[in-house]
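Okay everyone, thanks for coming.

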Amino acid sequence: MANSVNISIEAPIENQIQEITYDGQEIYQAPLSMSENLARLAQKIDFSKSDDEFCNIKKEGESSSDVKSEEDKEPGYQSSLWPWDSVRNKLRNALTEVSVLADVLSIAKEKRYMVLDPIQPDPIESRPMVQVYGRKKALSAAGAVLLNGVERLRASETMRMTRNMPDFHIDLLRLRQNWRLKKVSNTIVGDLSYRTAGSKFSQTGVFEVTKAPEEQIAAAMSMNAAGPTPSALRVTVPPELQGVAFISVVCQKEQEEVVTATLSSSALNCPGTLPGEGAELHWQQKLEAAQNVLFCKELFARMAAEAVQLDASIPHMVVGNQIMATVLPGIQLLIGLCHNNGQNNNNPEAVKPEERGNKNEHDHVLEHSLHQLLRAVHHANTHHPFPHPATGPLGPSKRRSLAGPMAADRYELLDMSKEQSLLEQIIQQAQHFFMRRRSEYVLDTIAKEVKDPLIVSHWNALNSPTQSCVKINIMAYGYDAVCRTSLVVHVGEKTLKCICRDGKVRHLSYELQELRDLIYCQIYQHQMTAVQAVGRCMGWQLLASSSHLGSGPVEPLGNASSCLLASPNGDRMIAIRCEPSVGIQVFIAQSPRKDFFVSELVQDKKWENLGGAFKEVKLEKMEGKNFLNKMELLMACLSSPS
């Protein structure tokens, strides 16, 4: 072109991406140094090419017209004179190099043609006295430094022994045994965060360790001579980690606090937690309190972010340092962060733990759950499952690794990718707490109301945070070996699963009335089954039995049931009718009928053996401890010939 422009081509400023971590962070490759760049360019040179090939390069001074004319003269394809010409030339060059190498080796080995001797360097003029004076001066300087340090250590040790003051290095050794420390320039800093345990919280937990002034230590020892020896360390934590903090979990029902759990360390319960004027905490308690503040802030920040992201039927609310979530209709879960650093007294959220403890009872189960939920997240961040096989990728779980060989479908893969957040798990535990408490209330209330039969509840001691089990035994006093009705209730998060004696499974909601109705139906079924068992023991025969009577008024709760028993002689009958809304009614009849008279229509006396009219028995006026005892006495009386 007529107007040519020089264009400079430079390497891109951005480096190549070496690795992309699981959280999306890009790790770039470090730029090459000048020596590494030279080595990389040198690797591109092909040293196997002959000298003739390099000599055939065109000179830069040739004009473009000469080049074109030469190209026109050259044929499109030029073949060598002999096919093996290039091979012969290569072998000839190799033979020449080997011959030269053999000659060099023979000359160096036989020493008849040339002798290789080292060249002696020029002698250096030595001055021994200058070296002696230099070494003496260096040793005297080093000795002065050592003597100065020894004198300082001796003076410090003497003062410590005379005053009985604590040793700084001993306390620093104890601090290093429990906390991570490192030396940066002339200062000692430490880290109290949970990053090494798997935490990804952005806030740092750096603290500084210094030596306490000796005057302050002496003043503290003089003021508290009988108490423990003060520490020679002074720990400085960031202002945002000072003071005390705890997570308050409150479940409210119609503005009434039902349960409260407080997440705090042991330092919250000791006096002097908030140091006032002249009060100073021990470095161990101070660091534990600061670490607890950091833990509470991380837990609340994570739950607040989850509350905003979760798509619930009733949206969760985050207002200031409080999270509001709906557990069940009419019941709210309030999670609050309370932090008191002893400086801002106007903060309404800074509630002292002593005041909170007097108002509500502390629940250690919810406190332990809050600890375990976040620590499980930390453990999962650092402990990845090993790949199977060993050459597989690191990261997928064993279940996802088996998804391919097991031919998992799309729904199973989606189920594997679902993970519950901390807020969802806490809400589920709160829901289970209410379901368990409601179930206990219903069972205790029915056990108080119903004296006959006895209702015994056995709660399983080993339960999960979201599921528990209770076994209910219904039996009569003194007749537990004759008949016993058992049912198992699995208490979940929002539902109840009841497994009855006959194997039927019934699923109930969170309403109390459904469980109450089921227990009452099981009680009356137990009474009918127990009467039949007692009748068999007494020798009575079961003539008829029905658990769903079609006669009589419609029962608002369950169904009416009845049974008909006959005495061993067949002259007495007992009819029992059980209605959940009314209770148990007992009727008796006897044969031959005393009110049978021969008439024109019925003249044969055999019809008098038919049972007469049933008469109701007043159970409340009979002797007996319970219903089965009264029925046993009634059967014994009707079975006697008199």
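This is a predicted model: local features need pLDDT of at least 70, side-chain atom pairs count only at pLDDT 80 or more; totals for chains, interfaces and linings use all residues.

Residues are numbered from 1 along each chain as its sequence is written, and side-chain values use heavy atoms, with hydrogens and water left out.

So, pairing. Ala 544 sits opposite Leu 564 in S18, and Leu 542 has Leu 565 of S18 across from it. Those belong to the link between strand S17 (residues 541–546) and S18, antiparallel strands joined by five bridges. Now zoom out: S17-S18-S19-S20-S21 is the order of an open sheet of five strands with antiparallel pairing. At its edges you'll find S17 and strand S21 (615–617), each pairing on one side only. From one strand to the next, the twist averages 25°; for angles here, axes are lines fitted to C-alpha atoms, for helices over the stretch in contact, and angles run from 0 to 180 degrees between N-to-C directions.

Let's walk across. S18 connects to strand S19 (residues 572–579) through six bridges, again antiparallel, and Cys 563 faces Ile 576 in S19. The two strands make a hairpin with five residues between them, and Gly 570 in the turn has a positive phi of about 85°. Next, S19 and S20 pair antiparallel over eight bridges, in a hairpin with three residues between the strands. Have a look at Phe 587 in S20: its bridge partner is Ala 575, and it also stands opposite Glu 616 in S21. S20 and S21 share three bridges, antiparallel too.

What about strand S18 (residues 561–566), how many of its six residues are buried? Five of them are, so S18 is largely enclosed by the rest of the structure. By buried I mean under 20% relative accessible area, with exposed being over 50% and partly exposed in between, using a 1.4 Å probe and protein chains only.

Helix H14 (residues 512–538) lies across S17, S18, S19 and strand S20 (583–590), at about 10° to S18. Helix H15 (residues 627–639) touches S18, S19 and S20, and its direction makes about 160° with that of S19. Touching, or contact, means heavy atoms within 4.5 Å.

On to the other sheet. This one is also open, with five strands in the order S12-S13-S14-S15-S16 and antiparallel pairing. Strand S12 (454–459) and strand S16 (505–508) are at the edges with a single partner strand each, so one side of each has no neighbour in the sheet. Neighbouring strands are turned by 20° against each other on average, direction ignored. H13 packs on this sheet, touching S12, strand S13 (468–475), S14 and S15, and its direction makes about 155° with that of S12.

Inside that sheet, four bridges join strand S14 (residues 485–491) to strand S15 (residues 496–499), running antiparallel, and Val 491 faces Leu 496 in S15. The loop between S14 and S15 holds Glu 493. Is Glu 493 buried or partly exposed? Its relative accessibility is 25%, so Glu 493 counts as partly exposed.

Helix H8 (residues 283–309) and helix H13 (residues 422–449) pack at about 90°, with axes 8 Å apart. H8 and H13 are therefore roughly perpendicular, a label that covers 65 to 115 degrees, while under 35 is roughly parallel, over 145 roughly antiparallel and the rest oblique.

Last stop: Leu 287. Skipping residues up to four places away in sequence, Leu 287 touches Leu 175, Trp 179, Leu 192, Phe 207, Val 235 and Val 237. That's my tour, so over to you.

Conventions: Two strands pair if DSSP finds at least two bridges between them.
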